[in-house]
Amino acid sequence: GHARSRDFQGRNTQDTRMGSLYWGRLMEESNRAYWIFKGSLTWAETRNNMTSRLSGAPASRGKWNNETWLAQAEVSRTAGCAGGWRLTPFVRMEFTHGRQDAFREQGGYGRDFGGAALKRLSIPVGLEIGRTDEWKGRPWAQSLRVSYVGDVLRDVPEA
């Protein structure tokens, strides 16, 4: 990214590596109802390299890394209703752990940036309403999902 003003110019380049594992299982209860179990684990790391310049000073440089883990699990039960509609209540668990390294810019007017860590456990509970139709000979699915997301644990939310 870039940031420019009369007094400040900055450039930050980023290299990100990420990956995700996903698992899901569908268990039929009847011809109109089924259970869905799914989970995922996602990881990402970003390496940042920033060069900034305040007017009248030599350039400053700083490097830092960010790393984030996200684990999710969900259980839902879908039931068919009249007119082709389906209702799906669900409960989900999401755990996030992220960190950002502290670093100090080297060069003119070098600044200090503090590190941070975030831990968050939330449990969304909600309902999905959906319907599948046919449009021009192809299946057409639409759904609306509404949930309340309550944080069970939130450590360092400003991170």
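In this predicted model, strand 5 (85–100), strand 9 (116–135) and strand 10 (138–155) each supply at least two residues of a nonpolar patch. The patch lies on the surface and is formed by Met-27, Trp-35, Val-75, Val-91, Met-93, Phe-95, Ile-123, Val-125, Val-152 and Leu-153. Together these residues have about 770 Å² of accessible area. Strand 5 makes the greatest contribution to the nonpolar patch, with 3 residues. Met-27, also a member of the patch, is found in strand 2 (residues 8–28). The relative accessibility of Met-27 is 40%, so Met-27 counts as partly exposed, given that this class falls between 20% and 50%.

Strand 5 and strand 9 pair in the antiparallel sense, over 14 bridges. One of the contacts between them links Gly-98 to Leu-118, its bridge partner in strand 9. Strand 9 and strand 10 also run antiparallel, and 17 bridges join them. Here Glu-134 has Pro-139 in strand 10 as its bridge partner. Strand 9 and strand 10 form a hairpin with 2 residues between them. In the turn of this hairpin, Lys-136 has a positive phi of about 55°. In a regular strand, side chains alternate between the two faces of the sheet.

The aromatic side chains were examined next. The count of aromatic pairs comes to 5. In one of them, the ring centres of Trp-35 and Phe-37 are 6.4 Å apart and the ring planes meet at 15°. The pair is stacked because planes under 30 degrees apart are classed in this way. Trp-35, which also belongs to the nonpolar patch, is partly exposed with a relative accessible area of 34%. Phe-37 counts as partly exposed as well, at 26% relative accessibility.

The rings of Phe-103 and Phe-113 have centres 4.7 Å apart and planes at 10°, so this pair is stacked. The pair links distant parts of the chain, since Phe-103 lies in strand 6 (residues 103–104) and Phe-113 in strand 8 (residues 112–113), 10 residues apart. Phe-103 is buried, with a relative accessible area of 10%, whereas Phe-113 is partly exposed, at 29%.

Arg-145 lies over the face of Phe-90, at 3.9 Å from the ring centre.

Conventions:
Residues are numbered from 1 along each chain as its sequence is written. This is a predicted model: local features need pLDDT of at least 70, side-chain atom pairs count only at pLDDT 80 or more; totals for chains, interfaces and linings use all residues. Side-chain values use heavy atoms; hydrogens and water are left out. Rings of Phe, Tyr and Trp (its six-membered ring) pair if their centres lie within 6.5 Å; planes under 30 degrees apart count as stacked, over 60 as edge-to-face and the rest as tilted. Buried means under 20% relative accessible area, exposed over 50%, partly exposed in between (1.4 Å probe, protein chains only). Helices (H or I, at least four residues) and strands (E, at least two) are DSSP runs, numbered from the N terminus. A charge sits over a ring if NZ of Lys or CZ of Arg is within 6 Å of the ring centre and within 35 degrees of the ring normal. Patches are made of residues with over 30% relative accessible area and no salt bridge: like charges are joined within 9 Å, nonpolar side chains (Val, Leu, Ile, Met, Phe, Trp, Tyr) within 5 Å. Accessible areas come from the Shrake-Rupley method with a 1.4 Å probe; for residues, only the protein chains shown count as cover. A salt bridge is a side-chain nitrogen of Lys or Arg within 4 Å of a carboxyl oxygen of Asp or Glu. Two strands pair if DSSP finds at least two bridges between them.
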